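Welcome to this short tour! Open your viewer, keep the selection tool ready, and follow along stop by stop.

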Amino acid sequence: MGLAAATSDRERRDLVTHQAMDETCLIRFVAGPDGAVVPDLARKLPGRGMWVAADRASIETAAKKNLFSRSAKAPLKAPADLAETVESLLVRRCLDQLGLARREGVLISGFEKCAAAIRSGQAAWLIEASDGAPDGRGKLLNLARHQATRVCGAFSADDLSLALGLENAIHAVLLAGGRADRWGQEASRLAGFRPLRPPEWDLVDRSGGGSGSDEDPGSGP
């Protein structure tokens, strides 16, 4: 059973706000054998879970105010870089799922193939390298805007290339379906730590992405 199905309609209480929230919006932590606070993003580690909203400020607050110890009723050590550790783990989970999606045949790459998938309405997510060429990216962003395709630009070309097993991954599309739904939940949690879409991209998107030609100006697959 996937993460989305396993946590559907289940709520937990956030340590910081004490509000009941869906598990998909939270990060689970457990107490390690050495008394350290351990992130459990897959929600599989043994022990009593301690739940914090999936954003940097909440995790930093929980660590600073010693809320993990209060919840566990035992002395626990929250590392100073706990939020950075969670972000790194979320990045890895997102990239690993993209690799799985490519092997399953539900992720495609390359400018022309991505543009065709967006136009056809099959694209759930457009995933653009954060450091790709702005011209080709702008054209795909414009297509995505018209089709209401969600956009992610949280990873570099090197990150995407390694995850997808490609030499120069710049443009990718995750096709609609169960894998895209599961990936979207991980991406939503990551959005609490880094913007999924760099703010400067909005200016390119609103401009229409350049000349409107379907030719990608050499930005790679």
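Start by selecting helix H4 (residues 82-104) and helix H7 (residues 157-164), which pack at an angle of about 45 degrees with their axes 8 Å apart. Helices here are DSSP runs of H or I with at least four residues, numbered from the N terminus. Axes are lines fitted to C-alpha atoms over the stretch in contact, and angles run from 0 to 180 degrees between N-to-C directions. This is a predicted model, where local features need pLDDT of at least 70 and side-chain atom pairs count only at pLDDT 80 or more, while totals for chains, interfaces and linings use all residues. Residues are numbered from 1 along each chain as its sequence is written, and side-chain values use heavy atoms, leaving out hydrogens and water.

On H4, pick Leu95, Leu98, Gly99 and Arg102; on H7, pick Asp159, Leu160, Ala163 and Leu164. These residues make the contact, meaning heavy atoms within 4.5 Å.

Color its buried residues, among them Leu82, Val86, Leu90 and Cys94. Buried means under 20% relative accessible area (1.4 Å probe, protein chains only).

For the last stop, select Ser58 in helix H2 (residues 56-64). Is Ser58 buried or exposed? Ser58 is buried, with a relative accessible area of 11%. Leaving aside residues up to four places away in sequence, Ser58 touches Val16, Val52 and Ala53.

Terms used: Helix = DSSP H or I, 4+ residues; strand = E, 2+ residues; numbered from the N terminus. Buried < 20%, exposed > 50% of the residue type's maximum accessible area, 1.4 Å probe, protein only.
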